[in-house]
Amino acid sequence: MAARETGGMAVRCAGRIGVAASVAVNLALLVMYIRRRYFGGSRSGEENTVEPSKGKPPVTPDSVVNLDHGDPTMYKKFWKGIGHRATIVIPGWQTMSYFSDLSGFCWFVEPGFEREVRRLHRLVGNAVVEGYHLLVGTGSTQLFQAALYALSPAEDGKPMSVVSPAPYYSSYPSVTNYLNSGLYRWDGDANTFDGDTCIELVCSPNNPDGSIRKTTVKAKYGKTIHDFAYYWPQHTPITEAASHDIMLFTVSKCTGHAGTRLGWALVKDTEVAQKMIKFLELNTIGVSKDSQLRAAKILKAVCDGYELSPASEANRLFHFAQRKMAERWSRLRATVAASGIFSLPNELSGYCTFAKEIVAANPPFAWLRCHKDGVEDLEGFLRENKIMTRGGPKFGVDERVVRVSMLDTDEAFDVFINRVASLK
Ligand SMILES: Cc1ncc(COP(=O)(O)O)c(C=O)c1O
């Protein structure tokens, strides 16, 4: 009797397991079907990925270490940890139209991108977004040119003078002048400009020396473009929600996604914003929607990391990045102090409204000066020692100072520190 009952239970149990297994298999097949049908996935999933390029070659203890460019690869570990929370899949049939949102102020801005940018600024508190138009560009480099176009020419029809205090970001002169435009022209160091009309580029924190900047020119008809590529908590205390006429930002330096080539501008004046849109239409007929969707997902992951996830550094980009930058700066400062031949600008610090404590600034570049007798051309001296940097003349100053990227991989930074330590 007992044996018959046990046998019956076993059969019933096996039956239930069989039904559950069959439901599970059918569900899995249905999910696969839906993924293939609506998201373009293949049986193996291979069609969802393409082989990406690898960026710069890896550094070895003997190779040249290239810290000329500010290639922000140091956040890779963080994004690997974030995993699928920052992944997007774009089926072949999506984002095909030129247009994003015909009812919006700017027809090629993806609404999801705009929403996440505004959310991010509210979270960090580094810029006012209410009352501002948001424009998107292929990097902030394109928006910089759109802004020059919108603010030029001068009232008398002559080319607008474009200035910035030395040391200024080395791309400003070349990007301003490369088309030899009749609308504007590079006019050099803002400290020595004494005309009536100009556009001043205010980069803060400043590339290359990390200084905090305000407008310097007292021109009668002065206009400003604020380049806030580095006004993020990993680089500087956030001291105010900035509210200037034109403010430029970029994912390149905020999250490290330079390859996405996406920047944004917050623009107060409607007419100026419309002229900037005109430039972007003429220049590239809008901006990649694919990049905007990716950037939206990245920025969403940053905001979610603070607003919706457990408070750990693995979820909090700015905390991760700030700690890494601080570690690098402390190693570099110790190495430079021990060298006896180099010096760096003094460390700045202040109360950060985002971190809610006093924090030190960690600029994206080291502005390294050499005091060794006989070294007049520091870029050349470091190149002989297999360290590529960018020399002072490109920033409008002397040759005994160079800009060194602090944003590269851990391996490159380690090799750099060891080489500087060996120079006496
Ligand atoms: C001060 C500054 N502004 C703008 C840019 C360009 O950024 P994007 O990659 O968005 O064109 C850089 C890049 O190094 C920069 O240092």
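These are my notebook entries on one chain and its predicted model.

**Ground rules.** I number residues from 1 along each chain as its sequence is written. Because the model is predicted, I take local features only at pLDDT of at least 70 and side-chain atom pairs only at pLDDT 80 or more, while totals for chains, interfaces and linings use all residues.

**Overview.** I looked up the secondary structure and found 11 helices and 15 strands in the chain; helices (H or I, at least four residues) and strands (E, at least two) are DSSP runs, numbered from the N terminus. Of the 424 residues, 38% are buried, where buried stands for 20 or more other C-beta atoms within 10 Å of a residue's own, exposed for 12 or fewer, and partly exposed for anything in between, with C-beta atoms placed from the backbone. I also noted that, among contacts between residues at least 6 apart in sequence, 70% join residues at least 24 apart; a contact here is a pair of C-beta atoms, placed from the backbone, within 7 Å.

I traced an open sheet in the order 2-8-7-6-5-3-4, with mixed pairing, counting two strands as paired if DSSP finds at least two bridges between them. Strand 2 (133–138) and strand 4 (184–189) are its edge strands, each pairing on one side only. Neighbouring strands are turned by 25° against each other on average, direction ignored. Strand 2 runs antiparallel to strand 8 (residues 262–267) over six bridges, and Gly 137 has Gly 263 of strand 8 as its bridge partner. Strand 5 (residues 197–203) has six of its seven residues buried, so it is largely enclosed by the rest of the structure. On one hand, strand 5 pairs in the parallel sense with strand 3 (residues 160–164) over three bridges, with Val 163 opposite Glu 200 of strand 5. On the other, strand 5 is parallel to strand 6 (residues 221–227) over seven bridges, and there Val 202 is bridged to His 226 of strand 6.

I then followed an open sheet in the order 9-12-15-14, whose pairing is antiparallel. Strand 9 (342–343) and strand 14 (390–391) stand at the edges with a single partner strand each, so one side of each is left without a neighbour in the sheet. Two bridges join strand 14 to strand 15 (residues 401–405), and Gly 391 stands opposite Val 402 of strand 15.

**Around the ligand.** I found 13 residues surrounding the ligand, the closest being Gly 139, Thr 141, Ala 229, Thr 250 and Ser 252; a residue counts as near if its C-beta atom, placed from the backbone, lies within 6 Å. Helix 4 (residues 139–151) gives the largest share of this shell, three residues.

**Cys 106.** I placed Cys 106 in the loop between helix 2 (76–82) and helix 3 (111–124). Is Cys 106 buried or exposed? Cys 106 is buried, because 21 other C-beta atoms lie within 10 Å. Leaving out residues up to four places away in sequence, Cys 106 touches Leu 135 and Ile 277. Gly 286 is 180 residues from Cys 106 in sequence, yet their C-alpha atoms are 9.3 Å apart in space.

Terms used: Two residues are in contact if their C-beta atoms, placed from the backbone, lie within 7 Å. Axes are lines fitted to C-alpha atoms, for helices over the stretch in contact, and angles run from 0 to 180 degrees between N-to-C directions.
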